[in-house]
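User: I am new to this structure and would like to learn how to read it. Could you take me through some features, with the general idea before the case?

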Amino acid sequence: MPSEAFPTILRRAASGPDAVAAADVWLSSFSAALPTVVSPRSADDVRTYFRDVVVPLRETWVADAGAEDGIVGLMVLHGDELSQLYLRPDWRGRGIGDRFVALAKERSPGGLNLWTFQVNKPAHRFYERHGFVAVEYTDGSGNEEQEPDVQYVWRP
């Protein structure tokens, strides 16, 4: 059972050994939050992508709960884009996402943008609570999943 206290979480930059655990957080979170969205990549493809691209080439941060639970969340920044923010489903609602967004704003003080799927209403509420505004809705033809999405922007 995960600890209820956030102070046990270490928020740190990811390194190579974190790639598989971060990918597994992504996989479990994507599956739980977006059950109707079909990922075009297999689980092994996602792990390879995290190992070869995300962790070594992007600014990747993890929430690490230590030996008992390991990596429980991740955030990826790419310039002014918050390109990934995923939490293990059993670790949601503990303030980790809030702390990741605060870190993203610190790292990109001029503003941020992100995309999320239109069906992901909890993500909409989360980002709007943090001052993001929806600026564009698409039919999904520009993403791998071919799923309608929405772009959010935060400006200080």
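Analyst: This is a predicted model. Take helix α4, residues 121–129, where the buried residues are A123, H124, F126 and Y127. Around the axis they cover an arc of only 165°, so they sit on the same side of α4.

User: What is the general idea behind reading a helix by its sides?

Analyst: An α-helix has 3.6 residues a turn, so residues three or four places apart point the same way. In α4, the face turned away from the buried side carries the exposed residues R125 and R129.

User: What covers the buried residues of α4?

Analyst: The cover includes strands β4 (81–87), β5 (112–117) and β7, together with helix α3 (96–107).

User: Which residues does G97 touch, leaving out those up to four places away in sequence?

Analyst: G97 lies in helix α3 and touches L85, L87 and F126. F126 is one of the buried residues of α4.

User: Is G97 buried or exposed?

Analyst: A residue counts as buried under 20% relative accessible area. G97 has a relative accessible area of 6%, so it is buried. As for distance, G97 and Y152 are 55 residues apart in sequence and 16 Å apart in space, C-alpha to C-alpha.

User: How do I read the packing of two helices?

Analyst: Look at the angle, the distance between the axes and the residues in contact. Helix α1 (residues 19–33) packs with helix α2 (residues 43–57) at an angle of about 130°, and their axes are 9 Å apart. The two helices are therefore oblique to each other. The crossing of α1 past α2 is right-handed.

User: Which residues make the contact between α1 and α2?

Analyst: From α1 come A19, V20, A22, A23, D24, W26 and L27, and from α2 come A43, V46, R47, F50, R51 and V55. By class, this contact of α1 with α2 has 10 nonpolar, no polar and 3 charged residues.

User: How should I read a positive phi?

Analyst: Most residues other than glycine have a negative phi. Just after α4, G131 takes a positive phi of about 90°. Q146 is not a glycine, yet has a positive phi of about 60°.

User: Where is Q146 found?

Analyst: Q146 is in the loop between β6 (133–137) and β7 (149–154). Its relative accessible area is 48%, so Q146 is partly exposed.

Methods: Residues numbered from 1 in each chain as written. Predicted model: local features only at pLDDT ≥ 70, side-chain atom pairs only at ≥ 80, totals over all residues. Heavy atoms only, no water. Axes fitted to C-alpha atoms, helices over the stretch in contact; angles between N-to-C directions. Helix = DSSP H or I, 4+ residues; strand = E, 2+ residues; numbered from the N terminus. Parallel < 35°, antiparallel > 145°, perpendicular 65-115°, else oblique. Left-handed = near helix turned anticlockwise from the far one by under 90°. Contact = heavy atoms within 4.5 Å. Nonpolar A, V, L, I, M, F, W, Y, C, P; charged D, E, K, R; others polar. Buried < 20%, exposed > 50% of the residue type's maximum accessible area, 1.4 Å probe, protein only. Arc of directions from axis to C-beta.
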